[in-house]
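The following exercises are meant to be worked through with the chain open in a viewer. Please try each task before reading its solution.

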Amino acid sequence: MQIESGVSLKPFNTFHLPAVAHTLVRIASDADVTRVVDHPKLGRAPKFVLGGGSNIILTRDMPQVVLKIEVPGMRLVEERADAWVVEAGAGVGWHEFVAYTLANGWPGLENLALIPGTVGAAPVQNIGAYGVELKDRFDSLDAVDLVTGRSVTLHSGVCAFGYRDSVFKHLLAGRSVITRVRFCLPKPWQPVLGYLELERRMAETGITAPSAQQVFDWVCAIRRAKLPDPALIGNAGSFFKNPVVTIEQCRDIIGRDPEIVHYPLPDGSVKLAAGWMIDACGWKGKTVGNAGVYEKQALVLVNRGGAIGSEVMLLARAIQESVYGRFGIRLESEPVVV
Ligand code: EPU
């Protein structure tokens with residue numbers, strides 16, 4: 001276990017926002033977490049768990065003990081008649097893990113290619129893209145309790161996965177450290193191709209029965225075309241959740257804005273495309289201070305260079321106000337604001 005002081009967090013968050021961790025501990029195993037819990041000084045201090053830093057907005061220095069999760073390792077746990085169960089350490093890069101499963105002939109995660117962040121952070125917000133969510137492929141995870149220092153295995157029911165949501169954002173927020181995650185990749189593999197942009201690729205190429213590798217390549221190309229690469233332009237992916245409204249609310253908005261992009265959900269409610277609404281309010285490509293709205297996807301806020309967290313939040317609030325003013329909808333931010 002390594003304990004460091006006065007560590008810049010700029011390289012550790014994909015928005016490249018400046019902030020300093022007074023104390024940072026690198027965690028490579030369950031035993032490291034237990035050592036922190038048993039430590040005379042660190043044990044009682046408030047903690048902040050940092051994964052790939054791709055879903056946080058840092059607005060200030062961090063007085064909490066920052067636990068930087070670096071648990072390594074990827075392996076096939078079990079091959080069953082109906083599925084492969086594959087495991088990765090929480091510190092493994094998500095995309096690296098997706099590529100590893102495909103290279104080994106265990107398909108099922110290809111729609112989730114190129115999502116920034118780590119394996120350990122993926123269950124926290126139940127990452128999802130192009131018709132697949134983490135919960136659809138989840139088996140179980142190991143976590144260490146930050147009060148007792150004990151390791152536990154949690155299955156799907158306990159994790160309470162929802163749209164960009166889980167128990168780790170609520171009851172277990174700041175309470176446990178995810179150290180390993182296992183995925184259940186069903187056999188026989190079935191591609192998930194219902195998303196409009198994937199259908200478009202099939203039509204363009206004439207490939208009606210793509211391989212998992214083909215879907216992976218398409219998803220990578222779609223993401224590269226409209227989402228900024230955090231290595232080049234600081235960002236945290238979608239900045240707001242797509243709001244879910246009642247059918248009555250949706251009808252009311254359609255009455256005024258017939259073009260609004262919306263998706264009916266199985267429970268009768270309707271999900272609205274927040275990116276479309278922000279775009280409709282004229283924000284695409286706009287800049288406030290050093291923070292801006294990405295030119296190709298209005299749901300993504302970006303660091304134009306040298307932005308600080310408060311500038312990003314100022315821009316976010318201005319967007320929320322204008323969307324509320326026009327549509328009467330309050331957008332909820334997706335990344336964790338610290
Ligand atoms: N749209 C616009 N203008 C924009 C942006 C979007 O008109 O500036 C329209 C699009 O044309 C489309 C609709 O809004 O008709 C939805 O856009 P898109 O397909 O890009 O998806 P999204 O709803 O904006 C969600 C996820 C993404 C995920 C994609 C693909 C959320 C908050 N975001 O975005 O996830 O990659 O679907 O599944 O659910 C992330 O969470 O960080 C993320 C990137």
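The model is a predicted one, in which local features need pLDDT of at least 70 and side-chain atom pairs count only at pLDDT 80 or more, while totals for chains, interfaces and linings use all residues. Residues are numbered from 1 along each chain as its sequence is written, and side-chain values use heavy atoms, with hydrogens and water left out.

**Exercise 1. Domains and their interface**

Find the domains into which the chain is divided, and describe the area buried between domain 1 and domain 2.

Solution. Begin with the bounds, which come from an automatic or database domain assignment: domain 1 covers 2-69, domain 2 covers 74-186 and domain 3 covers 234-337. Next, take the centres of domain 1 and domain 2 over C-alpha atoms, which gives a separation of 21 Å. Twelve residues from domain 1 and 18 residues from domain 2 take part in the contact, where contact means heavy atoms within 4.5 Å. The buried area, that is, the accessible area (1.4 Å probe) that two parts lose on being put together, summed over both, is about 1,200 Å², and carbon and sulfur atoms give 64% of it. On the side of domain 1, the residues that lose the most area to domain 2 are Asp30, Val37 and Ile69, which together account for 41% of what that side buries.

**Exercise 2. The salt bridge of Asp30**

Which residue forms a salt bridge with Asp30, and is Asp30 buried or exposed?

Solution. Side chains of opposite charge can pair when their charged atoms come close. The rule applied here asks for a side-chain nitrogen of Lys or Arg within 4 Å of a carboxyl oxygen of Asp or Glu. Asp30 pairs with Arg180, and their closest N and O atoms are 3.1 Å apart. A search of the whole structure finds 22 salt bridges. Asp30 lies in helix H1 (residues 30-38) and Arg180 in strand E12 (residues 176-186), so this pair ties together parts that are 150 residues apart in sequence; helices (H or I, at least four residues) and strands (E, at least two) are DSSP runs, numbered from the N terminus. For burial, the cut-offs are under 20% relative accessible area for buried, over 50% for exposed, and partly exposed in between (1.4 Å probe, protein chains only). Asp30, at 13%, is therefore buried, whereas Arg180, at 22%, is partly exposed.

**Exercise 3. Further salt bridges**

Describe the salt bridge of Arg182 and that of Lys68, and state which residues are linked with Asp30 in a network.

Solution. Arg182 forms its salt bridge with Asp142, the closest N and O atoms being 2.7 Å apart. This pair links distant parts of the chain, since Arg182 is in strand E12 and Asp142 in strand E10 (residues 138-145), 40 residues apart. Both partners, Arg182 and Asp142, are buried. Lys68 pairs with Glu70 at 3.0 Å between the closest N and O atoms; Lys68 is buried at 11% relative accessibility, and Glu70 is partly exposed at 29%. Finally, the network of salt bridges links Asp30 with Arg75, Glu87, Asp142, Arg180 and Arg182.

**Exercise 4. The loop position of Leu227**

Where does Leu227 lie, and with which residues is Leu227 in contact, leaving aside neighbours within four places in sequence?

Solution. Leu227 is placed in the loop between helix H5 (212-226) and strand E13 (235-238). With those neighbours left aside, Leu227 is in contact with Tyr294, Gln297 and Val300.
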